[in-house]
Amino acid sequence: MSGRTFPFGLPFLILGLICLAPIQAQVSAVPDGCKPDPHRKVIIERIDFDGPIHLLDSDVVQVIADVNHHELYADNPDWLKIVTDDYLTFAWQNQGYMKAKVAAKATLLDADSTAGRFLVTAHADEGLQYHLGELQFVVTPPMILPESEMRAAFPLHEGDLYDADIVQEGIEKLSTMYAVNADLRTETSDKLQRVSLSIVLRQKGPVLPPLHVGKVQVQGLDSNLESRLMSIYRPGDIYNRALVDAFVKENQSQLPPFFYLRTQPDFLSGTVDLSFEFRGPRPSRAVVCLAGTK
């Protein structure tokens, strides 16, 4: 039997056999150079439901955008549970369906070395839609905390749709406004479709009274941005650092790149003076080269 000559030579034959190895991946190992990266980011292309739902299409679109914006990876065995529990179920809770339960399965549509694109098919048991009932604050041990200011952290009124996102934001605000740990207790009435909330505040370290805004100075902003910042921190209001952080984040594209906040607390009077300073980048030093110098 005569021998056969391969037109591209033995090296090309070996390379071709290596890169064809994934075809037989079930029975032989695949060289690392030909493997797709198993650490693929999850990209959800679409979420289909197996029945009618009350969630708006825009809410579903927002869920998909939120999931795709965050870092979820297909090699995490819990990624689909995170989508159903932390995103889909939470979307229903923001519309008053606080007992909603969601189950889902995912189908891989296509993948490359960096991402896998999925179709998610979901089933939702929405349950009842609840409205806000009573909202009360339980402070332990007893502390002098202004109830009107605590109540203002929750822009919901009796009869409004229960919104889990607003409630969570309110709890976080209380934790930053006061030296407390804040917990939530709920009590539901299916007959009335109401949910009553108890916000439990527990002392965290020595209790200091909240400081109120005293003098406010702003440097480095145009008149429009300055007036907006001054409207957030008015003399007499309770001081909350999170407000300026939110202001900077919201207006980042219009602000100078450097921001400084100086605080001068006066615990005897219970006030704090604020000085906001915004600066642009420092000018670079010019380098002058004279003729005949090195």
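## Basis

Local features in this predicted model need pLDDT of at least 70, side-chain atom pairs count only at pLDDT 80 or more, and totals for chains, interfaces and linings use all residues. Residues are numbered from 1 along each chain as its sequence is written, and side-chain values use heavy atoms, with hydrogens and water left out.

## Helix H2

Helices (H or I, at least four residues) and strands (E, at least two) are DSSP runs, numbered from the N terminus. Helix H2 covers residues 57–69, 13 residues in total, and reaches 18 Å from its first C-alpha to its last. This is close to the 18 Å expected at 1.5 Å a residue, where the expected span is 1.5 Å times one less than the number of residues.

The buried residues of H2 are Asp59, Val60, Val63, Ile64 and Val67; buried means under 20% relative accessible area, exposed over 50%, and partly exposed in between (1.4 Å probe, protein chains only). Seen down the axis of H2, these buried residues fall within an arc of 140°, so they line one face of the helix. The arc is that of the directions from the helix axis to the C-beta atoms. The buried residues of H2 pack against strand E1 (41–49) and helix H3 (79–93), with contact meaning heavy atoms within 4.5 Å. Asp57, Val61 and His69 are exposed on the other side of H2.

## Aromatic pairs

Seven aromatic pairs are found in a search of the whole structure. Rings of Phe, Tyr and Trp (its six-membered ring) pair if their centres lie within 6.5 Å; planes under 30 degrees apart count as stacked, over 60 as edge-to-face and the rest as tilted. The ring centres of Trp79 and Phe118 are 4.9 Å apart and the planes stand at 50°, so this pair is tilted. Trp79 belongs to helix H3 and Phe118 to strand E3 (residues 115–125), 39 residues apart. Both Trp79 and Phe118 are buried.

The rings of Phe259 and Phe276 have centres 6.4 Å apart and planes at 15°, so the pair is stacked. Phe259 and Phe276 also belong to one aromatic cluster with Tyr233, Tyr239 and Phe278.

## Salt bridges

The whole structure holds twelve salt bridges, each a side-chain nitrogen of Lys or Arg within 4 Å of a carboxyl oxygen of Asp or Glu. Asp85 forms one with Lys81, the closest N and O atoms being 2.6 Å apart.

Arg117 forms a salt bridge with Asp110 at 3.8 Å between the closest N and O atoms. Glu45, Asp110, Asp112 and Arg117 are linked in a network of salt bridges.
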